[in-house]
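Please consult the sequence and the coordinates alongside the text.

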Amino acid sequence: MFDRYEAGEHSVLVHIDFPDESSKEDLHELQMLVSSAGVNAVDIVTGARSAPHPKYFVGSGKAEEIAHAVKATGANVVIFNHALSPSQERNLEALCKCRVIDRTGLILDIFAQRARTHEGKLQVELAQLRHISTRLIRGWTHLERQKGGIGLRGPGETQLETDRRLLRARIKAILRRLDKVRKQREQGRRARKRNEVPTVSLVGYTNAGKSTLFNTLTEAQVYAADQLFATLDPTLRKIMLKDVGPAILADTVGFIRHLPHDLVAAFKATLQETQEADLLLHVIDYSDDQYRENTAQVNEVLDEIEAGDIQQLIICNKIDRLEGMQPRIDRNDEGEPVRVWVSAQEKLGIDLLQTALTECLTRKMVQHTLRIPPKEGKLRGVLYGLDCISSQHYADDGDWVVDVRMPESDWYRLQKKLDGSLENYVVRH
């Protein structure tokens, strides 16, 4: 589709510092992204500007320096740690005589390498097509081949119009297929809701240790590696928790600062597991110097996907890298767990995490002592059916005295079924 230079495995990295906090990127993170993509960085060009240059993003002198670095090192791709406009990419490619990729293109490339499931591949292709569609115009720099003049003009579409039409058609087809996947997931979620099975979703910055923790809790064999975006496809597993019973644990794609909007839009189906969760386990790599900024970025994306109001339990991971740090649970003034210090790799504090999980998920349970007269045999049958009886005995007058513990939703449902008469049997202490 494009007349563009081929990208290879040797790159020159470009990182520019801006005074504006919202435009700042992390050079170390770029190096990790490049490593995750399987590319060898042969040189790094850094600089500082007050604002991006409209032609080259960097100044003309810095652009010449990049071109010289490409020639000197034999690199075949330049990777910018920033988002470039299509015209800036085109101008830089003309100057450097090699492929130029911005931060969004690099992340899309990593996602394309990592996608394993049918759904994951569709989501990546959708994100790529949306990214490419903004760059079609510069892709066809050779359109002067379509000659004008007497006898050479044709009645049909230009190549550019044809490609735009084909892109639109492919995007529509992918969206239809993803919608089908979304409906299938929705059915699964509805079934879990009906069975009162809580869903716990792992969220966090990329490479925080979510998949390692997921494997430790579920004994699954999900791919986990010390690289950015090791997990791309959502994975669900059942775990058993004391006093709660079965729960679903979901491992999700990691977040990153300035996550491209195309990706957020494309991964809506995956992120829906996060939106519908009863509890979010926010995994933070506390050995990372930038954990505060990373945490803020994750919360920003959670707000963006409308999951910011869901209850969070903070998991402070990788304590084995911190000197003198021991596993523990931090609680708030009400005694509720808010933070658990663990090492997923070394399996430290996992028992504490399970305790905190149980406490968080049982908070929506209700406990009552009921005194039920002999004539209410039907109600007794209902309570046995709900499997909510923790202890029972008979009073001297023949009344059945029973301690029940059940999800709040079950209690209200039972109340509604009995037109509110259930309250008449509650023993007030």
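## Orientation of α2 and α3

In this predicted model, helix α2 (residues 60-73) and helix α3 (residues 86-96) have axes that cross at roughly 50°. Angles under 35 degrees count as roughly parallel and 65 to 115 as roughly perpendicular, and the two helices are therefore oblique to each other. Their axes come within 9 Å, and the crossing of α2 and α3 is right-handed.

## Residues at the helix contact

On the α2 side, the contact is formed by Ala 63, Glu 64, Ile 66, Ala 67 and Val 70. Helix α3 contributes Leu 92, Leu 95 and Cys 96. By class, the residues of this contact comprise 7 nonpolar and 1 charged, with no polar residue.

## The largest nonpolar core

The largest nonpolar core of the model holds 27 residues. Within this core, the residues touching the most other members are Val 34, Ile 79, Leu 106 and Leu 302. At least two core residues come from each of α1 (27-36), β3 (77-80), α4 (103-114) and α11 (291-304). Helix α4 gives the most, with 4 residues.

## A separate core

Notes. Residues numbered from 1 in each chain as written. Predicted model: local features only at pLDDT ≥ 70, side-chain atom pairs only at ≥ 80, totals over all residues. Heavy atoms only, no water. Axes fitted to C-alpha atoms, helices over the stretch in contact; angles between N-to-C directions. Parallel < 35°, antiparallel > 145°, perpendicular 65-115°, else oblique. Left-handed = near helix turned anticlockwise from the far one by under 90°. Contact = heavy atoms within 4.5 Å. Nonpolar A, V, L, I, M, F, W, Y, C, P; charged D, E, K, R; others polar. Core = buried A, V, L, I, M, F, W, Y, C linked by side-chain atoms within 4.5 Å. Buried < 20%, exposed > 50% of the residue type's maximum accessible area, 1.4 Å probe, protein only.
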